[in-house]
Structure formats: structure tokens, C-alpha cells
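Here is a structure to look at, followed by some questions and answers about it.

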Amino acid sequence: MSSTGFLSTSNLYEPEKERILRYIDQWLENGGESRPGWLVSLLEKRLCEYHQAEHCVAMSTGFWSLVASLRLSALDAPEVIIPSFTYRRLADVVFWAGKVPRFVDIDESTLAISPESVERAIGSNTAAILAVHPIVNCCDVSRLTEIAAKYAVPMVIDAVESVHETWQGKRVGSFDVPEVFSLHASKLINGLEGGYVCVNDSAYAGRLRDFRSRDSSNARRLKPGHWLASDMPDIHAAFALAGLDEIEENVRHNRKIYRAYQRELKGVGGIRLVAFDEAQQTSFKNIVVEVPGVSGEERDRIVRNLNQAGVLARAHYSPPLHIKSHEYPVLCPEPLPATERAARALLNLPCGFRVSEADVTHVVAMIKSLLSDVPGSCDG
Amino acid sequence: MAEYNARKVVSDILANRYFTNHGPLARALEQTLEEHMGARHAVLVGSLELGLLVALIALRTRQHSRLVYYPGDEDPCLVHVGAFSGLSVHALDTTDSVVQDTDVLYRTLREERGLNCASVGQGQQQLVVHYPDWSSARPEQGISDGFPEPVLLELPTRHGGAVLLFNSDELAERARNVRSSYGVRKQVPVFVTCNGRYSEAQAGTVLDYLANSLGWS
């Protein structure tokens with residue numbers, strides 16, 4: 001069991017202390033706080049190389065990187081198309097972007113936003129598509145890009161869980177639309193807090209830099225809603241740079257944990273581990289399982305029991321956004337059957353740097369025991 | 001510029017092994033600010049601008065439609081804050097008055113005036129931003145019982161963020177819930193969340209400055 005006593009679904013990678021301090025020392029030798037952004041610029045350069053992107057703009061959080069990208073991309077129309085089966089705050093991102101979220105369904109086989117649903121939702125009210133990579137593998141970037149081009153609608157990709165991935169051999173971050181990543185400690189690269197946008201359009205990158213700038217002259221000249229001081233602290237950049245240096249070690253650990261789940265879950269209650277596409281480069285970070293033959297209520301009971309034992313498993317994206325109540329306007333004109341089925345059946349299991357192979361054995365043994373109490377499950 | 005020991009901040013974070021938000025350093029800073037500023041609740045936010053957004057959503061009523069200010073309090077960030085939060089922004093002239101149901105009054109206090117010098121506007125919905133002179137900040141500058149809340153203070157150090165001070169338990173909890181799920185004491189419904197999260201590194205820099213430059217424990 002992790003030294004904290006909890007096993008969580010956060011990555012919590014811990015870069016080597018001396019490596020972080022070497023970056024801090026470099027920054028201090030180059031002026032420290034009298035040259036704010038020195039390490040952030042270095043991080044942006046390294047992330048451009050890593051993602052094979054022309055530009056990278058680091059910001060204070062992934063959330064506000066998404067808001068900025070939408071604000072700077074969206075057409076003068078009210079709606080932004082987003083999946084309902086996603087991060088619980090994504091509708092709030094659209095609110096802060098000054099738009100109304102319109103929820104669409106997922107493709108059940110990939111758990112990613114369904115291109116067919118997106119195409120059905122596009123109309124004269126569409127301001128943008130906010131496509132989201134699921135936490136295992138990627139959305140269909142090619143098809144979504146075609147749809148966005150066909151209808152001349154801007155697209156932003158939420159790639160916060162897809163830092164290391166490739167789609168059809170091409171690095172996520174290099175698709176020539178704004179792609180947004182997170183450096184929160186729960187994500188693959190631990191920058192404590194932060195986010196960044198990869199983009200190939202230099203004018204757009206400049207507008208993102210203006211958006212995040214502390215310079216009050218920018219605040220005076222920019223269109224209302226196109227500015228919010230949101231630059232990244234250099235200490236966060238030091239953590240992120242060290243994490244980026246060590247990313248292969250991080251991924252190796254995650255692969256080991258994923259393999260342990262593959263072994264341990266074999267034959268347990270018919271549980272299906274959502275598989276990483278190993279033909280692509282992948283981080284192996286997130287562990288998602290489907291528990292067949294178990295109701296949503298039983299799934300939630302299993303989660304509660306695991307949580308009480310310090311195993312911080314979670315119902316995966318449940319409830320989905322279209323089921324939640326919102327104080328601001330949202331739209332969901334079509335039924336979302338694939339989303340609702342997925343939201344009843346899936347679990348996130350502990351993963352990341354603080355989880356060991358022995359922890360995986362422990363977690364799976366607990367699940368097996370809990371399933372044996374569930375009538376109708378393959379173990380019950 | 002407020003100075004701090006960046007190496008020590010990194011070492012403290014690694015020693016705690018707490019990397020996400022509202023960890024031991026942020027909790028210690030909130031407690032320090034509550035004690036020194038004389039407020040029941042200190043709610044840390046990632047930046048001054050995010051503090052404005054968090055406060056406006058926490059204060060929000062269905063009737064609110066305007067963010068108003070007196071000419072001396074003009075700030076270029078206000079039009080953006082208004083655009084994000086859906087409020088129209090108006091400068092009041094000498095013939096205007098604040099409309100109690102629809103307006104949130106934005107006020108600023110500069111370093112030469114302590115918080116207790118502000119006595120106008122009782123009964124109005126107000127958001128007071130205070131830019132203290134940290135080099136001379138004293139504990140007795142805390143908010144008094146009758147002072148409008150929240151007060152938003154910009155913290156020392158470049159990325160030190162800001163803090164919202166409340167005496168109202170209810171308003172403070174709403175602000176925590178708007179900020180993010182980290183640091184929430186009780187879940188309460190809010191209009192929208194805004195990710196105003198505060199990092200351990202931000203807290204570490206401010207704590208280090210307050211302890212070593214101002215002698216705050």
C-alpha cells in the first residue's frame with residue numbers, strides 16, 4: 001500500500017529532487033524572479049520538441065488553457081459541442097468561454113466523442129467543437145478534423161490525459177488545431193499545477209500569450225474576455241521539466257502496473273480491462289475496467305467499499321454531464337444511450353507512480369471479494 | 001519584489017510528498033492569514049483575477065447584472081472579469097448610486113489605507129480589493145466585524161496568488177466550492193466552478209516570505 005495509506009487514480013509522479021533543484025539553480029543564476037518566465041520558456045521549447053508542435057504556450061492551469069483556447073477560436077454563435085461522457089467540469093469550461101455546451105454521445109467501442117453525433121449536432125448555432133481524448137487512447141482525430149473542415153467550424157482538442165500518445169503514428173499536440181494539456185500533479189507530467197496549448201498557428205500562439213499576460217496594457221487593448229492573467233510560475237516549470245526528462249521511466253512504471261492488472265484481472269468476474277492501443281505510443285497511465293452484469297447501483301456500492309478501505313477507485317465519468325443539473329443553460333436535444341450505458345458500467349482503478357504491483361494484487365483481490373456478494377455478476 | 005527561498009520551497013514540497021492542491025502548505029498559509037488578518041476564513045485563490053471571479057460567483061444572486069465602480073477604482077481587468085462572469089461593467093459618476101439588488105460594487109484600497117479605514121457602503125454588495133504594503137503589514141490591519149466582505153488581498157511574491165477573507169461561514173464555503181473540490185469542507189451548490197486552485201508552490205513562496213521577511217510565524 002502507498003505510504004500515504006491511499007491508492008488513488010492520480011499519477012503523482014515524483015521527479016528526482018536534484019534534477020528539480022538543478023533547474024531552480026539555472027533559473028536563479030539567470031536572474032530568478034527578476035526574469036520571470038525563464039524556466040517557463042525553456043519548458044515551452046522542450047514541449048514543442050516533444051509534441052512536434054510549432055508553438056507551445058504554458059498557462060496557469062489546464063482548465064484556463066481550455067477556456068482561453070475556446071475564447072480565441074469560437075465563432076460568433078452560441079453553442080460548443082462537447083461529449084457528455086467526460087471530465088466533470090468541462091461544461092463549466094464552456095460557460096467561462098461565454099458559450100452554451102451542447103452534449104453529444106460517445107462511440108461505445110472507443111468511449112470517445114462520436115464523430116457521427118458531432119456531425120448531427122452541427123448547425124448555424126455551432127461556435128466550436130471541443131473534442132476530448134478519452135483517458136485511454138484517442139478520439140478519431142482524422143474524422144473529426146474532416147467534419148470541422150467540412151462545416152468550417154473551429155475545433156479545440158482537450159488532450160489533458162493524452163500527453164504521450166500518438167494517433168495513427170502522429171504525435172498528439174501536432175495536429176494543427178489548438179490541443180490543450182494539463183500539468184496538474186494528477187496527470188502524466190507533474191508540474192504541480194499548470195496547462196499548455198500546442199498549436200502551429202503563430203498568430204494564434206501570440207493571442208494566447210496576450211491572453212495569459214500580466215501586462216495591463218494587454219488588458220486595456222484586448223477584446224473583453226480575451227485576457228486573464230494566467231502565466232505559469234517558474235517553480236511549476238521546474239517540476240514539469242524534471243518530469244519531462246524522466247517521462248520514459250514514468251511510462252515504464254505505468255506499463256508495469258497495466259501489465260499487472262492484465263494478469264490479475266484475467267478471469268475475474270468477467271471484468272474487461274479497457275485496453276491501450278499498443279500499436280500507438282501510449283502512456284499506459286489510466287486503468288479503466290468494465291464490470292459486466294452489475295447494475296450502476298452495485299458498481300457504486302463496490303466503489304464505496306473500495307474507498308472505505310483506502311482504495312480510491314471511482315465510477316468513471318458518472319454521472320455524465322447531461323444528467324447533472326446546471327444553473328446555466330445547457331443543451332442535449334438527442335438521447336445519449338452509449339454515454340448512459342458507459343456511465344453505469346465503468347470504473348477507474350488506482351494507477352500511477354505510487355501504485356505497486358503488490359497493490360494491484362490487493363485491489364483485484366478486494367474487487368473479487370466484493371463481486372462475490374453481487375447476484376448476477378460472473379463471480380456472484 | 002518579495003523574495004523567497006525557491007530551493008527551500010521545492011524541498012518542503014518534496015518532503016511533504018503532497019503535490020496536488022490545498023495540501024499542508026496551503027492549509028498552513030490559510031491558517032496564518034486568518035490569524036494575522038483577523039478573519040474567520042481565508043480562502044486562497046490562484047490569482048487576483050481568479051479571486052474576483054470566485055468572489056463574484058460566490059456572491060451571485062439571480063438579480064445581479066452589473067459590476068460597478070467609482071472612477072478612482074478603475075482597473076483594466078474589470079471589463080474582462082465582467083465578460084467572463086456575464087455582468088455589465090459601469091463606472092459610476094457623481095449622480096449615480098449603487099442599486100442594491102442588481103449591483104456589485106467593486107472598490108480598491110491602496111497600501112496607505114488600512115482595511116478599517118473603509119467605512120462606506122454598508123448594506124451594499126461589495127467586493128473590496130486590497131493591495132497592502134506587505135513590507136509594513138501588521139496583524140492589526142485585520143477586517144473588523146462590520147466590514148463588507150469578501151476582501152480580496154493580493155499576496156506577496158510574484159505568483160503568490162491572492163486570498164479572499166470572509167467572516168461569513170456560508171460565503172466562505174461557497175467560495176471554496178466555486179474554487180474547486182480541493183479544500184472544500186462541505187459540498188454546497190454553486191452556479192459554476194472556476195478552477196481557482198492554489199498550488200503548494202504558491203503557498204510555499206508566500207509562507208517563506210512572511211516568515212523570513214515579516215517575521216510572521
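Q: Which element of chain B has the highest mean pLDDT?
A: This is a predicted model, in which local features need pLDDT of at least 70, side-chain atom pairs count only at pLDDT 80 or more, and totals for chains, interfaces and linings use all residues. Residues are numbered from 1 along each chain as its sequence is written, while chains are lettered from A and ligands numbered from 1 in the order in which they are written. Here pLDDT is the predictor's confidence in each residue, from 0 to 100, and helices (H or I, at least four residues) and strands (E, at least two) are DSSP runs, numbered from the N terminus. Among the elements of chain B, strand β5 (residues 126–130) has the lowest mean, 83, and the highest, 98, belongs to helix α1 (residues 6–16) of chain B.

Q: What is the mean pLDDT of chain B?
A: Of the residues of chain B, 88% reach 70 or more. The mean pLDDT of chain B is 88.

Q: In what order do the seven strands of the open sheet in chain B stand?
A: Two strands pair if DSSP finds at least two bridges between them. The pairing in this sheet of chain B is mixed. The order is β1-β7-β6-β5-β4-β2-β3.

Q: Which strands of chain B stand at the edges of the sheet?
A: An edge strand here has a single partner strand, so one side of it is left without a neighbour in the sheet. The strands at the edges are β1 and β3 (88–91) of chain B.

Q: Which residue of β7(B) does H41(B) stand opposite?
A: Strand β1 (residues 41–45) of chain B and β7(B) pair in the antiparallel sense over five bridges. Within β7(B), the residue opposite H41(B) is F166(B).

Q: How many residues of strand β7 of chain B are buried?
A: A residue is buried if 20 or more other C-beta atoms, placed from the backbone, lie within 10 Å of its own, exposed if 12 or fewer, and partly exposed in between. On one side of β7(B), A162(B), L164(B) and F166(B) are buried, and on the other V163(B) and L165(B). For this strand (residues 162–166), the number buried is five of five.

Q: How many residues of chain B are in contact with chain A?
A: Two residues are in contact if their C-beta atoms, placed from the backbone, lie within 7 Å. Chain A takes part with 38 residues. In chain B, the number is 31.
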